[in-house]
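Look through the structure below. Then read on, one part at a time.

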There are 2 protein chains.
Amino acid sequence: MSSSVQHVRLREVGPRDGFQNEPEVIATADKVRLIELLARTGLKRLEVTSFVRADVIPQLADAREVLEAIDVPEDVSLSVLIPNERGLDNALQLRDRIDEINVFLSASETHNRKNVNRSIEESLSGLERVIERAVAEELRCEGVISTSFGCPYEGEVPAERVVEIARRGAAAGAAEIALADSIGAAVPTDVVERLTAAREVIGGASLRAHFHNTRNTGLANACAAVAAGVTALDASVGGMGGCPFAPAATGNIPTEDLCYMLERMGVDTGLSVPALIEVSHWLEAQLGRGVPALLGRAGVFPPRERAA
Amino acid sequence: MSSSVQHVRLREVGPRDGFQNEPEVIATADKVRLIELLARTGLKRLEVTSFVRADVIPQLADAREVLEAIDVPEDVSLSVLIPNERGLDNALQLRDRIDEINVFLSASETHNRKNVNRSIEESLSGLERVIERAVAEELRCEGVISTSFGCPYEGEVPAERVVEIARRGAAAGAAEIALADSIGAAVPTDVVERLTAAREVIGGASLRAHFHNTRNTGLANACAAVAAGVTALDASVGGMGGCPFAPAATGNIPTEDLCYMLERMGVDTGLSVPALIEVSHWLEAQLGRGVPALLGRAGVFPPRERAA
């Protein structure tokens, strides 16, 4: 609030982080449709899928099919999440369909090992090579640091470790570093502290934040990130990404709720709130259940102006 | 976050604002039990009922019975919401059971008229007399300004009007002025602006904020209020207070979620988060449905330390 940020760009992760956590595999055509609908709301950055092993995450086994089918305007940047060098190989094969890749590792040893079966150092060394190769191939590459604000197994994650990983990612050539609160553990003070510290070591790379609303602090954290000068935030339409069997244990912060808050704070997002709500309602119809986002139920405020 | 606030006191409004919106009338014994359980979590301020017409709000028709039955420690302050002079008469009859009264009006003409069938000026003049009489009777009196951040009928509510009502309430002798976001329309910038402006005109009176999470901005707003130096916040255990037929269209900000965020930010609340979660679970069992609060599902973080 005290920052001078006037524009924030939201990066939609629902098609990847949301669908990845669905118990049923979503039909490829529905994924493609969602992505195309989202691209009409004003969103310019979309994380559409992930190149991961199909036996581990069957929900995203159709990554190639989705990428080949999507039809969005040229100025919409499509991103794919990539765990390792093999993922980069896959991405390079679809070079003309992909605008950026996101590589990731966890700032917690236990979480990283459970996730990708490597130590942090092994992951980091491997990803430095992936980043360098992507840069050499002129493919924009960004680095995501999972569990940047806490680990479900280890608890507290030292800020210094997060900052050091950020530094190495940027030094390897990542165009953007994202601090991710994968389990919704962050509070606003953490957010300001860690983002501010990370910024100091990443040189010319930009900074992004990724929050979950698991403990109801998601929008407060987003607000803190903006106050700390961050202009790129991940969000998921409807707040998809949580466990669907516990509807209120939400996942990512809902794109429409975040957009509404920022716009009403005078921060430009370039997005249409009513259009986002429409997509969210469409999604509810596809999933056959309500989403965690609240704006679609409460309606925008003031009641008329925006709905018009 | 940038404020120097180190202690925040939460004021529980679930027994009043929550139960008032229940479709079924809750048994008096259950209300009494909830209040007594809440008083064991460390909460020192509880709004327990309201003296309103039983034909308008039958859910609170047992105000007197509740007040007479409650057994809580001496240092717990019990408050009753009062719309007019008749409410004060009722409160004075139960003088030994009540520690403070809250009078209220709306900052929106339309909302005030629909709510109490008076103009703002009529309400304000009447309440000035109520406040003065309460002060003369040595009964602590606080003033609540509903729709301080927006009206469901009129839309925007001018900040100047809210500030002027705050000024007159404090001048009449209110010990505390509360700005209430009755419909969850506020965003953090509004919160800082209006609370800061109100503080300047209320002299020695203290300042309180009351938020609803209707559009997912409740905790962000609470955070902004604390950053603006506010040390008293209303909240409702479980986040009761919304429409029970739309579970995610939440009402008040959940006491346990707010408490968790503040404590993890290093702000002392004097409350036990696990004890609050227990009361919230008890409440869910009584209501036969889940509450909007998220902490009870996700669990505290870090996982062990706090649960111990």
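Predicted model: local features only at pLDDT ≥ 70, side-chain atom pairs only at ≥ 80, totals over all residues.

Begin with helix H8 of chain A, residues 188–199.

## The barrel

Strands E6 and E7 belong to a closed barrel of eight strands in chain A. The order is E1-E2-E3-E4-E5-E6-E7-E8, and the pairing is parallel. On average, neighbouring strands of this sheet are turned by 25° against each other, direction ignored.

Which strand is joined to E1(A) by four bridges? The partner is E8 of chain A. Strand E1(A) covers residues 9–12, E8(A) covers residues 232–235, and the two run parallel. For Glu12(A), the bridge partner in E8(A) is Ala235(A).

## Two copies

Chain B can be laid on chain A by a turn of 180°, with a shift of 0.0 Å along the axis. The RMSD is then 0.0 Å. The two copies are therefore related as by a two-fold rotation axis. In chain B, the C-alpha nearest this axis belongs to Ala220(B), at 1.9 Å.

The copies meet through the same surface, because 100% of the interface residues of chain B are also interface residues in chain A.

## Confidence

Chain A has a mean pLDDT of 93. Of its residues, 94% reach 70 or more. Over residues 244–248 of chain A, the pLDDT is below 50. Beyond near neighbours in sequence, that stretch has 12 contacts in the model.

For the complex, the predictor gives an ipTM of 0.95 and a pTM of 0.95.

Key: Residues numbered from 1 in each chain as written. Chains lettered and ligands numbered in written order. Pairing = 2+ DSSP bridges. Axes fitted to C-alpha atoms, helices over the stretch in contact; angles between N-to-C directions. Contact = placed C-beta atoms within 7 Å. Least-squares fit on C-alpha atoms with pLDDT ≥ 70 in both. pLDDT = per-residue confidence, 0-100.
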